[in-house]
Amino acid sequence: MPKYFAKLDENNIVTKLDLVAEGSAASEAKGEAFLRTLYNESTSVWKQYDKYTTKNTSTNGGTPFRGNGAIVGGEWDEANQVFWDSQPYPSWTKDTSNYSWKSPVDFPSEADGYSIVWNEPDQRWDSIKFSDDSEWYWNPNTSTWIAR
(Lines give C-alpha, C1' and ligand atoms only; values in the text may rest on other atoms or scores of the structure.)
Protein backbone atom coordinates (compact mmCIF):
# COMPACT_ATOMS: atom_id res chain seq x y z
CA MET A 1 0.00 0.00 0.00
CA PRO A 2 1.49 3.42 -0.93
CA LYS A 3 2.40 5.92 1.76
CA TYR A 4 1.65 9.63 1.80
CA PHE A 5 4.28 12.28 2.48
CA ALA A 6 4.24 16.06 2.90
CA LYS A 7 7.19 18.34 2.16
CA LEU A 8 7.75 21.13 4.70
CA ASP A 9 9.38 24.50 4.28
CA GLU A 10 11.58 26.19 6.90
CA ASN A 11 8.43 27.39 8.74
CA ASN A 12 6.85 23.91 8.82
CA ILE A 13 4.29 24.84 6.18
CA VAL A 14 3.32 22.06 3.76
CA THR A 15 4.49 22.93 0.25
CA LYS A 16 4.07 19.64 -1.62
CA LEU A 17 2.38 16.26 -1.27
CA ASP A 18 3.65 13.00 -2.70
CA LEU A 19 2.90 9.30 -2.76
CA VAL A 20 5.62 6.69 -2.30
CA ALA A 21 5.40 2.94 -2.95
CA GLU A 22 5.61 0.90 0.24
CA GLY A 23 8.84 -0.74 -0.93
CA SER A 24 10.53 2.67 -1.01
CA ALA A 25 8.97 3.76 2.27
CA ALA A 26 9.26 0.83 4.66
CA SER A 27 9.72 3.53 7.33
CA GLU A 28 9.22 7.28 7.41
CA ALA A 29 13.00 7.78 7.31
CA LYS A 30 13.32 5.58 4.21
CA GLY A 31 10.45 7.40 2.51
CA GLU A 32 12.05 10.75 3.27
CA ALA A 33 15.42 9.52 1.93
CA PHE A 34 13.71 8.26 -1.24
CA LEU A 35 12.01 11.63 -1.83
CA ARG A 36 15.22 13.58 -1.15
CA THR A 37 16.97 11.48 -3.78
CA LEU A 38 14.07 11.65 -6.23
CA TYR A 39 13.95 15.45 -6.12
CA ASN A 40 17.71 15.92 -5.61
CA GLU A 41 17.10 17.89 -2.41
CA SER A 42 19.43 16.51 0.24
CA THR A 43 18.09 18.63 3.09
CA SER A 44 14.37 18.69 2.36
CA VAL A 45 12.05 17.64 5.18
CA TRP A 46 9.25 15.18 4.51
CA LYS A 47 6.71 13.88 7.03
CA GLN A 48 4.44 10.91 6.55
CA TYR A 49 0.69 11.42 6.94
CA ASP A 50 -2.57 9.51 6.55
CA LYS A 51 -5.02 10.99 4.08
CA TYR A 52 -7.85 9.24 5.95
CA THR A 53 -7.25 11.08 9.24
CA THR A 54 -9.27 14.20 9.96
CA LYS A 55 -9.88 15.88 13.32
CA ASN A 56 -7.90 13.02 14.88
CA THR A 57 -10.40 10.44 13.62
CA SER A 58 -9.85 7.86 10.91
CA THR A 59 -12.50 8.04 8.19
CA ASN A 60 -11.77 4.51 6.99
CA GLY A 61 -11.91 2.73 10.36
CA GLY A 62 -8.14 2.70 10.89
CA THR A 63 -6.06 4.27 13.61
CA PRO A 64 -5.82 8.08 13.41
CA PHE A 65 -2.32 9.25 12.47
CA ARG A 66 -0.94 12.74 13.05
CA GLY A 67 -4.19 14.56 13.68
CA ASN A 68 -5.11 15.34 10.09
CA GLY A 69 -4.07 14.50 6.59
CA ALA A 70 -1.65 17.08 5.23
CA ILE A 71 -2.77 19.79 2.80
CA VAL A 72 -0.66 22.26 0.86
CA GLY A 73 -0.61 25.45 2.92
CA GLY A 74 -1.32 23.54 6.12
CA GLU A 75 1.06 23.42 9.05
CA TRP A 76 3.20 20.76 10.70
CA ASP A 77 3.13 21.03 14.50
CA GLU A 78 6.44 19.59 15.66
CA ALA A 79 5.56 19.74 19.36
CA ASN A 80 2.36 17.69 18.95
CA GLN A 81 3.52 15.70 15.90
CA VAL A 82 0.35 16.57 13.96
CA PHE A 83 -0.74 18.35 10.81
CA TRP A 84 -3.12 21.29 10.99
CA ASP A 85 -5.31 22.55 8.16
CA SER A 86 -4.85 26.22 7.26
CA GLN A 87 -6.41 28.59 9.80
CA PRO A 88 -9.84 29.44 8.34
CA TYR A 89 -10.21 32.82 10.07
CA PRO A 90 -7.93 34.96 12.28
CA SER A 91 -10.27 34.61 15.28
CA TRP A 92 -10.29 30.81 15.24
CA THR A 93 -8.02 28.96 17.65
CA LYS A 94 -6.43 25.52 17.70
CA ASP A 95 -8.38 22.84 19.55
CA THR A 96 -5.85 20.19 20.55
CA SER A 97 -8.59 17.82 21.76
CA ASN A 98 -9.22 16.85 18.12
CA TYR A 99 -6.63 18.92 16.17
CA SER A 100 -9.18 21.15 14.48
CA TRP A 101 -9.83 24.88 14.39
CA LYS A 102 -12.46 26.24 16.77
CA SER A 103 -14.58 29.31 16.13
CA PRO A 104 -15.15 31.79 18.97
CA VAL A 105 -18.86 30.91 18.82
CA ASP A 106 -19.98 27.28 18.64
CA PHE A 107 -21.62 26.16 15.41
CA PRO A 108 -25.42 26.57 15.58
CA SER A 109 -27.28 23.64 17.10
CA GLU A 110 -30.15 24.30 14.68
CA ALA A 111 -28.68 23.90 11.19
CA ASP A 112 -31.29 22.07 9.12
CA GLY A 113 -32.78 24.27 6.42
CA TYR A 114 -30.01 26.90 6.55
CA SER A 115 -26.91 27.67 4.51
CA ILE A 116 -24.49 28.74 7.24
CA VAL A 117 -21.26 30.75 6.97
CA TRP A 118 -18.91 32.33 9.49
CA ASN A 119 -19.00 36.15 9.58
CA GLU A 120 -15.51 37.16 10.74
CA PRO A 121 -16.08 40.94 11.10
CA ASP A 122 -19.14 40.41 13.33
CA GLN A 123 -17.81 37.23 14.99
CA ARG A 124 -21.00 35.28 14.40
CA TRP A 125 -22.69 32.66 12.26
CA ASP A 126 -24.86 34.05 9.43
CA SER A 127 -27.26 32.09 7.31
CA ILE A 128 -29.75 32.08 4.51
CA LYS A 129 -32.91 30.07 5.06
CA PHE A 130 -33.48 27.65 2.18
CA SER A 131 -37.27 27.93 2.21
CA ASP A 132 -37.48 31.66 1.48
CA ASP A 133 -33.90 33.03 1.03
CA SER A 134 -34.31 35.19 4.16
CA GLU A 135 -31.17 36.23 6.05
CA TRP A 136 -30.50 35.33 9.68
CA TYR A 137 -27.76 35.36 12.33
CA TRP A 138 -27.25 32.96 15.21
CA ASN A 139 -27.70 34.13 18.80
CA PRO A 140 -25.65 31.71 20.94
CA ASN A 141 -27.17 33.04 24.17
CA THR A 142 -30.68 32.00 23.22
CA SER A 143 -29.75 29.28 20.70
CA THR A 144 -32.06 30.82 18.11
CA TRP A 145 -31.82 32.37 14.67
CA ILE A 146 -32.54 36.12 14.52
CA ALA A 147 -33.77 37.76 11.30
CA ARG A 148 -31.33 40.26 9.76
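Me: Which residue stands opposite Trp136 in E13?

Reply: In this predicted model, the residue of E13 that stands opposite Trp136 is Ala147. The two strands concerned are E12, which covers residues 135–139, and E13; they run antiparallel and are joined by four bridges. Trp138 also has a counterpart in E13, namely Trp145.

Me: How many residues lie between the strands in the hairpin of E12 and E13, and which residue there takes a positive phi?

Reply: This hairpin has four residues between its strands, and Ser143 takes a positive phi near 55°. E11 and E12 pair through three bridges in the antiparallel sense, with Ile128 opposite Glu135 in E12.

Me: In what order do the strands of this open sheet stand, and which are the edge strands?

Reply: The order is E10-E11-E12-E13, an open sheet of four strands with antiparallel pairing. E10 and E13 are the edge strands, since each pairs on one side only. On average, neighbouring strands of the sheet are turned by 35° against each other, direction ignored. As a general point, side chains in a regular strand alternate between the two faces of the sheet.

Me: Are Tyr114 and Trp145 buried or exposed?

Reply: Both Tyr114 and Trp145 are buried.

Me: Which residues do ring pairs link into a cluster?

Reply: The cluster consists of Tyr89, Trp92, Phe107, Trp118 and Trp125, linked by ring pairs. A ring may also have a charged group over it, as at Tyr137: the charged end of Arg124 sits over this ring, 4.5 Å from its centre.

Me: Why does Phe130 count as exposed, and where does it lie?

Reply: Phe130 counts as exposed because its relative accessibility is 56%, and the cut-off for that class is over 50%. Phe130 lies in the loop between strand E11 (124–129) and E12. Leaving aside residues up to four places away in sequence, Phe130 touches Gly113, Tyr114 and Ser115. From Tyr89, Phe130 is 41 residues away in sequence and 25 Å away in space, C-alpha to C-alpha.

Me: Why does Ser58 count as buried, and which polar contacts does its side chain make?

Reply: Ser58 counts as buried because its relative accessibility is 13%, and that class is set at under 20%. Ser58 is found in strand E5 (residues 57–58). Its side chain makes a polar contact with the side chain of Asn60 at 2.7 Å, and it reaches the backbone nitrogen of Gly62 at 2.9 Å. Not counting residues up to four places away in sequence, Ser58 touches Tyr52, Thr53, Thr63 and Pro64.

Me: What is the strand order in the open sheet of three strands, and why is one side of E2 and of E3 left without a neighbour?

Reply: The order of this sheet is E2-E1-E3, and the pairing is antiparallel. Strand E2 (14–20) and strand E3 (45–49) stand at the edges, each with a single partner strand, and therefore one side of each has no neighbour in the sheet. From one strand to the next, the twist averages 30°. Five bridges pair strand E1 (residues 3–8) with E3 in the antiparallel sense; at Ala6, the bridge partner in E3 is Lys47.

Me: Which helix lies across E1, E2 and E3, and at what angle does it run to E3?

Reply: Helix H1, which comprises residues 28–38, lies across E1, E2 and E3 and runs at about 130° to E3.

Technical notes: Residues are numbered from 1 along each chain as its sequence is written. This is a predicted model: local features need pLDDT of at least 70, side-chain atom pairs count only at pLDDT 80 or more; totals for chains, interfaces and linings use all residues. Side-chain values use heavy atoms; hydrogens and water are left out. Two strands pair if DSSP finds at least two bridges between them. Axes are lines fitted to C-alpha atoms, for helices over the stretch in contact, and angles run from 0 to 180 degrees between N-to-C directions. Contact means heavy atoms within 4.5 Å. Buried means under 20% relative accessible area, exposed over 50%, partly exposed in between (1.4 Å probe, protein chains only). Rings of Phe, Tyr and Trp (its six-membered ring) pair if their centres lie within 6.5 Å; planes under 30 degrees apart count as stacked, over 60 as edge-to-face and the rest as tilted. A charge sits over a ring if NZ of Lys or CZ of Arg is within 6 Å of the ring centre and within 35 degrees of the ring normal. A polar contact is a pair of N or O atoms within 3.5 Å; within protein, one must be able to donate a hydrogen and the other to accept it, and residues adjacent in sequence count only if both atoms are side-chain atoms.
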